[in-house]
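These are my notebook entries on a structure that I looked through. I wrote them down in the order in which I looked things up.

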Amino acid sequence: MIIRDLADAELRQRLRHAGLRLHTGPFTTLIQSAIPSVAEGIAQLYADFPLAPADGFVDFHVHLAPPRNLRRWIQPQVLFLHDDIPPFEPLPLDQAFPMLEWGLNWCVTTHAQQYLIIHAAVVERNGCAAILPAPPGSGKSTLCAALVNRGWRLLSDELTLIRSDGVIVPLARPVSLKNASIDIIRAFEPTAIINRESRDTAKGTVAHMKPPSDALARVAETAMPAWIIFPKYAAGAITQLNPRPKAQTFMELANNAFNYTLHGAQGFALLDRVVSACACYDFTYSRLDEAINTFAELRPQP
Amino acid sequence: MKTSVNDMTAKALRDPASVLALSATQLDLLIRQARASMLLPRLGSRLQASACLAQLPAAVRAHFESTQVIARKQNQALHWEINRIQAALMGAVSEVILLKGAAYVMADLPAAHGRFFSDVDLLVAKAHLGAAEAALMLGGWISAHHDAYDQRYYRDWMHELPPMQHLTRQTVLDLHHTILPETARLHPDPQKLIAAAVSLPGHAGLKVLAPVDMLLHSATHLFHEGEFDKGLRDLSDLDILLRHFSGLDPDFWRKLSARAMELDLARPLFYALRYTTRILQTPVPPEALQEVSRHSPNRFTLRLMDTLYSRAFRPHHASCQDWLARPALLLLFIRSHWLKMPFPLLVRHLFHKAFISPKDAQI
């Protein structure tokens with residue numbers, strides 16, 4: 001059973017009371033919230049997510065609720081609670097849904113250290129994964145959103161989970177889009193489902209795109225890393241894919257990892273294995289269709 | 001004394017195999033309670049040692065693996081920190097004694113397995129305090145407290161210098177010259193502890209307290225403590241130390257109570273044995289319990305302490321708390337200050353903290 005199968009009233013009822021239990025990649029998440037924008041965002045973007053049984057094990061217990069003070073009524077705010085403890089300061093109520101997404105990312109990066117976690121989008125084709133690490137503003141999420149609307153499978157738009165045996169475990173949660181990229185993706189793929197925008201967040205205007213149904217149907221299929229590509233959007237740039245030295249790629253990937261240092265020598269060995277298995281590139285682009293064509297021609301390292 | 005029916009963490013520590021009979025929702029609660037008590041990695045190593053871990057569902061195991069990654073890293077980082085401290089102090093002081101977590105790790109005691117660490121606690125003779133502080137400052141550790149009152153509070157009244165933080169690694173160390181504040185009601189003689197300390201093979205100049213003293217220090221620390229977010233973890237440390245040391249030395253229990261008398265620490269030992277046996281079923285021989293029961297407080301105080309400590313040693317998780325939990329923790333907090341300073345000094349200290357420190361902070 002998936003979330004779409006629940007009547008809207010039933011979905012809201014679960015969120016408000018016992019909590020909505022769903023599988024998000026390898027994790028089971030329980031979400032509680034009486035906030036309408038949270039229910040609305042979940043109904044829209046999580047429609048294809050499988051429900052988890054009421055008597056099963058839950059990895060993350062999360063709750064989005066107004067703080068217990070005046071900010072419940074005056075300039076209302078929202079708190080993200082993980083097992084009753086708020087790891088962050090409250091945000092304006094209008095940002096409740098993005099806060100759920102950021103909070104769920106925090107759950108993974110804080111409580112799933114068994115993975116080597118890299119701050120990178122990751123997409124798959126024919127069992128081969130392309131890891132797209134990049135600092136915010138480089139157009140990583142935009143490129144990821146475009147690719148998953150053109151035949152690549154979404155594994156994750158923010159968190160690349162590398163298991164100790166070197167395979168990538170899909171997370172397949174909504175893709176975050178910021179500022180100009182929201183309209184770029186709307187124009188690029190008019191059928192993409194993008195939720196209501198939240199303005200004036202720490203990252204500017206934010207919206208999320210529903211992961212393609214295929215990403216959810218195949219969420220249990222892991223992938224082997226095949227490419228590490230550092231995307232860079234530059235207005236008016238010509239599309240360019242340039243090979244990149246592996247040692248430098250290793251260092252950059254370690255810098256983009258959330259928990260590389262925690263893994264010590266094992267982390268070094270694992271990252272070495274990933275980088276050795278991948279063809280590494282820098283990629284500059286300004287036109288999404290050209291980018292799609294370049295990616296279509298990628299071949300795994302022999 | 002009532003132990004909380006919902007406290008699954010203490011039960012899992014007492015009997016790791018019992019975890020295998022838990023349902024998925026019970027395992028879910030156990031993980032959350034153990035995490036809130038900072039005991040997730042310890043429970044993981046217990047389950048591994050008793051060959052139960054592999055029999056748990058993969059999703060549950062993943063949480064233990066995750067926390068083990070952090071605990072392993074902290075253990076490794078602590079070794080490096082001690083290495084740096086040793087290098088900084090070499091030449092300045094002839095010996096430094098590691099306390100608590102740092103001692104468990106460097107002496108490779110079972111209490112170090114799957115334990116989280118925060119700061120490093122060191123003990124040096126009071127005569128060497130200045131030299132040790134200067135050497136650590138040259139090594140990059142600086143005092144985090146600049147306020148003149150705080151400096152006086154620590155230097156004149158406490159048992160340690162203001163916490164020192166390393167400039168680049170941000171690690172924190174506490175340099176002690178004794179184990180209880182100078183102003184406290186009990187007066188264990190630090191010279192006796194220092195004289196009995198044992199060398200760490202392979203680490204010149206580093207020592208740890210002798211087994212009985214290590215136990216008494218951890219007990220004294222816990223039963224003078226005012227904050228219990230790690231209460232059950234610290235009680236579990238005592239449980240592990242007691243089991244370990246009594247297994248090594250058949251004469252341990254007799255030495256322990258004799259030393260407690262000698263150091264003026266019989267009361268904290270009484271509490272340590274009372275609550276480790278009650279909550280974690282530590283196997284303490286009846287004669288040893290009998291011996292320390294002479295140092296019990298009166299019946300009414302004991303009833304009160306049972307009520308308070310039974311709350312403090314529960315996981316700090318909503319599933320284990322009752323209406324008494326908050327007042328109990330508040331009373332224990334007040335008690336810890338009461339034990340730390342004579343009443344007039346306490347009034348003066350609280351007055352300063354409430355009215356003068358905030359005003360200074362504004363300027």
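**Basis.** I worked with a predicted model, in which local features need pLDDT of at least 70, side-chain atom pairs count only at pLDDT 80 or more, and totals for chains, interfaces and linings use all residues. Residues are numbered from 1 along each chain as its sequence is written, while chains are lettered from A and ligands numbered from 1 in the order in which they are written.

**Domains of chain A.** I looked up the domain assignment, whose bounds come from an automatic or database source, and found domain 1 (3–111) and domain 2 (116–296) in chain A. Their centres, taken over C-alpha atoms, are 25 Å apart. I then looked up the contact (C-beta atoms, placed from the backbone, within 7 Å): 18 residues of domain 1 of chain A meet 21 residues of domain 2 of chain A. On the domain 1 side, α2 (36–45) and α3 (96–111) of chain A each give two or more residues. I noted that helices (H or I, at least four residues) and strands (E, at least two) are DSSP runs, numbered from the N terminus. The most comes from α3(A), with seven residues. I sorted this side into eight nonpolar, seven polar and three charged residues. Here Ala, Val, Leu, Ile, Met, Phe, Trp, Tyr, Cys and Pro count as nonpolar, Asp, Glu, Lys and Arg as charged, and the others, Gly among them, as polar.

**Helices α1 and α2 of chain A.** I found that the axes of α1(A) (residues 8–16) and α2(A) come within 10 Å and cross at roughly 125°. Axes are lines fitted to C-alpha atoms, for helices over the stretch in contact, and angles run from 0 to 180 degrees between N-to-C directions. α1(A) is therefore oblique to α2(A); under 35 degrees counts as roughly parallel, over 145 as roughly antiparallel, 65 to 115 as roughly perpendicular and the rest as oblique. D8(A), L11(A), R12(A) and L15(A) of α1(A) make the contact with V38(A), A39(A), I42(A) and A43(A) of α2(A). I counted six nonpolar, no polar and two charged residues there.

**Helices α9 and α12 of chain B.** The axes of α9(B) (residues 211–222) and α12(B) (residues 266–280) come within 8 Å and cross at roughly 85°, so α9(B) is roughly perpendicular to α12(B).

**Between the chains.** I recorded 17 residues from chain B and 15 residues from chain A in the contact. α4(B) supplies the largest share of the chain B side, ten residues.

Notes. Contact = placed C-beta atoms within 7 Å.
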